[in-house]
Amino acid sequence: MKLIGRNLSPYTRRVAIAMTLLDVPHEREYLSVTADPARGLQVNPVGRVPVLELDDGDRLIESGAILDYLMELVGPAKSPVPPHGKARRDCLRLMAIASGVLDKAVAAIYEVRRRPAEKVHGPWREHLLRQVEGGLSALNDQPQGPWLQGEHFSMADISVAVTMSFLHVMLKESVADGRYGHLEGLRDRAEALPAFRAHPLENP
Ligand SMILES: N[C@@H](CCC(=O)N[C@@H](CS)C(=O)NCC(=O)O)C(=O)O
């Protein structure tokens, strides 16, 4: 199978890290949809990455749906999302906050990068940044173990660490001054893991 998208896309990077962690062999196509929007639209009707191309030619889109497929593939014993109960609900909620932060951060980035300067709407961008801050504060306020759910490393840790690293590169103002101390520690621990090191962030 082939994962399409580059690691600068945090949605792609979280899938790539999960695939390595779960020992799912795969090839990569490091597509930038900014540089090659036509290829983006060829592999995904809405022109976004990640896309997971299966060996039978099927293409899966949306990082959450791709992760769901991977977890089905490896089975519950290896899944990085707890199988049931409160632990599962918590994990899914933390993942949802992380991807919500990413959605808002990406919108704030596009607001300045994809529009002419005179068309950037400051109040809207500030609202987006407040939403990023809301999500990061909620994550930072989680009871702390080494990982978000205590001793158990989960898909929530991957999602949050990838989000923090992306923000450090692409939206530095949102994480300036180490204001989310717990999340910085979690990011450092996660980025030291072999599965993260196998998929480093490219320079933008
Ligand atoms: N909800 C989607 C978001 C994917 C997404 O927005 N990817 C970005 C790259 S970081 C993209 O392809 N953007 C191009 C565009 O929206 O035009 C997911 O989780 O896969």
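The lining of the second largest pocket draws at least three residues from each of domain 1 (2-74) and domain 2 (85-197). The lining of the largest pocket likewise takes at least three residues from each of domain 1 and domain 2. This is a predicted model.

**Domains**

- The protein chain is assigned two stretches, domain 1 (2-74) and domain 2 (85-197).
- Eleven residues of domain 1 and 18 residues of domain 2 make up the contact.
- Between the C-alpha centres of domain 1 and domain 2 the distance is 20 Å.

**Largest pocket**

- A probe the size of a water molecule, rolled over the atoms, shows where empty space is left.
- The volume of the largest pocket is about 810 Å³.
- Its lining counts 28 residues, and those closest to the centre are Ser-9, Tyr-11, Val-33, Val-106 and Tyr-110.
- Four helices each give at least two residues to this lining: α1 (10-21), α3 (63-74), α4 (85-113) and α6 (155-170).
- Helix α4 provides the largest share, six residues.
- By class, the lining of the largest pocket holds 13 nonpolar, eight polar and seven charged residues.

**Second largest pocket**

- The second largest pocket has about 270 Å³ of volume.
- Sixteen residues line the second largest pocket.
- Nearest the centre of the second largest pocket are Asp-68, Met-71, Val-81, Arg-88 and Leu-92.
- Helices α3 and α4 each contribute at least two residues to the lining of the second largest pocket.
- Eight nonpolar, four polar and four charged residues make up the lining of the second largest pocket.

**Sheet**

- Strands of a sheet pair through backbone hydrogen bonds, in either a parallel or an antiparallel sense.
- Here four strands build an open sheet with mixed pairing, in the order β2-β1-β3-β4.
- The edges are β2 (27-29) and β4 (59-61), each of which pairs on one side only.
- On average, neighbouring strands of the sheet are turned by 20 degrees against each other, direction ignored.
- Three bridges join β1 (residues 2-4) to β2, and this pairing is parallel.
- Leu-3 has Arg-28, in β2, as its bridge partner.

**Helices on the sheet**

- Helix α1 packs on the sheet and touches β1, β2 and β3 (51-53).
- The direction of α1 makes about 160 degrees with that of β1.
- Helix α3 lies across β3 and β4.
- The angle of α3 to β4 is about 125 degrees.
- Helices α1 and α3 also each supply at least two residues of the lining of the largest pocket.

**Backbone details**

- Most peptide bonds are trans, and most residues other than glycine have a negative phi.
- The peptide bond from Val-49 to Pro-50 is cis, and its omega is near 10 degrees.
- Pro-50 sits in the loop between α2 (37-43) and β3.
- Asp-23 has a positive phi, near 60 degrees, and is a residue other than glycine.
- The loop that holds Asp-23 runs between α1 and β2.

Technical notes: Residues are numbered from 1 along each chain as its sequence is written. This is a predicted model: local features need pLDDT of at least 70, side-chain atom pairs count only at pLDDT 80 or more; totals for chains, interfaces and linings use all residues. Side-chain values use heavy atoms; hydrogens and water are left out. On a 1 Å grid over the protein atoms alone, a cavity is a set of points where a 1.4 Å probe fits but cannot get out, and a pocket is an open set with protein on both sides within 12 Å along at least five of seven lines; lining residues have an atom within 4 Å of a point. Grid points are joined across faces, edges and corners, and a volume is the space filled by probe spheres set on the points. Ala, Val, Leu, Ile, Met, Phe, Trp, Tyr, Cys and Pro count as nonpolar, Asp, Glu, Lys and Arg as charged, and the others, Gly among them, as polar. Domain bounds come from an automatic or database domain assignment. Two strands pair if DSSP finds at least two bridges between them. Axes are lines fitted to C-alpha atoms, for helices over the stretch in contact, and angles run from 0 to 180 degrees between N-to-C directions. Contact means heavy atoms within 4.5 Å.
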